[in-house]
Amino acid sequence: MTGTPVVGVLALQGDVSNHERLLRDCGVQSRRVRLPDELADLSGLVIPGGESTAMWRLAEDFDLLAPIGALIRDGLPVFGACAGMIMLADRLLDGRSDQRTFGGLDVVVRRNAFGRQVQSFEAAMPMPVLGPEPFLGVFIRAPWVEQVGPEVEVLGSIAVGGGPVHPVVVRQGRVLATAFHPELTDDTRLHGYFIREVAQIGG
């Protein structure tokens, strides 16, 4: 890659503008990605939240499913939030039988694991890679991770209502995913972690 680093934001669905805002606050240029040609020369890619079934179908309609999957396998740094986590999972529970994903994370993810939209909630969770202050997660029809492969690092977990603890922030190499929406806060730490530690842009 040459020139100024640019992080793409998949712009098929979801809160694209707030991801762009946080990337800008981290000092990084962004580019909206809707077509395969717009994937060229990216230093990383953000996959926003939304509805994973619609995102899968739109990615197929716009001929993005295979190219993005290939770039991830080739090492493109990617950060997926909520539906973005679902789209990065190698295996899904409660998805459509024919549902496809970009892949890249050796995890089993359960869709809508925390319940319907009316059961949305916020929770502060420890995330040592970001420092001592907890990170406020905004969970909206959120998934969770049920199983992780041997190369997957769990960076943050949560338990709701006294139930079992589930991973909600995971990393595998150059792929990072959260079950919640970090773009709905003003906290730049997760986007900054992606830029510095995963995509290795800047210092």
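I take buried to mean under 20% relative accessible area, exposed over 50%, and partly exposed in between, with a 1.4 Å probe and protein chains only. Strands are DSSP runs of E, at least two residues long, numbered from the N terminus.

The model is predicted, so I kept local features at pLDDT of at least 70 and side-chain atom pairs at pLDDT 80 or more, while totals for chains, interfaces and linings use all residues. Residues are numbered from 1 along each chain as its sequence is written, and side-chain values use heavy atoms, with hydrogens and water left out.

Entry: strand β11.
I looked up β11 (residues 166-172) and found 7 of the 7 residues buried, so the strand is largely enclosed by the rest of the structure. I then checked its neighbours, counting two strands as paired if DSSP finds at least two bridges between them. Strand β10 (residues 153-158) pairs with β11 in the antiparallel sense over 5 bridges. On the other strand, β12 (residues 175-178), I noted 4 bridges to β11, also antiparallel. Arg 171 of β11 is the bridge partner of Glu 153, and Leu 176 in β12 is the bridge partner of Arg 171. The hairpin of β11 and β12 has 2 residues between the strands, and Gly 173 there takes a positive phi near 60°.

Entry: Gly 80.
I placed Gly 80 in strand β4 (residues 78-81). Its relative accessible area is 0%, so Gly 80 is buried. Taking contact as heavy atoms within 4.5 Å, and not counting residues up to four places away in sequence, I listed Ile 47, Met 85, Leu 88, Leu 176, Ala 177 and Thr 178 as touching Gly 80.
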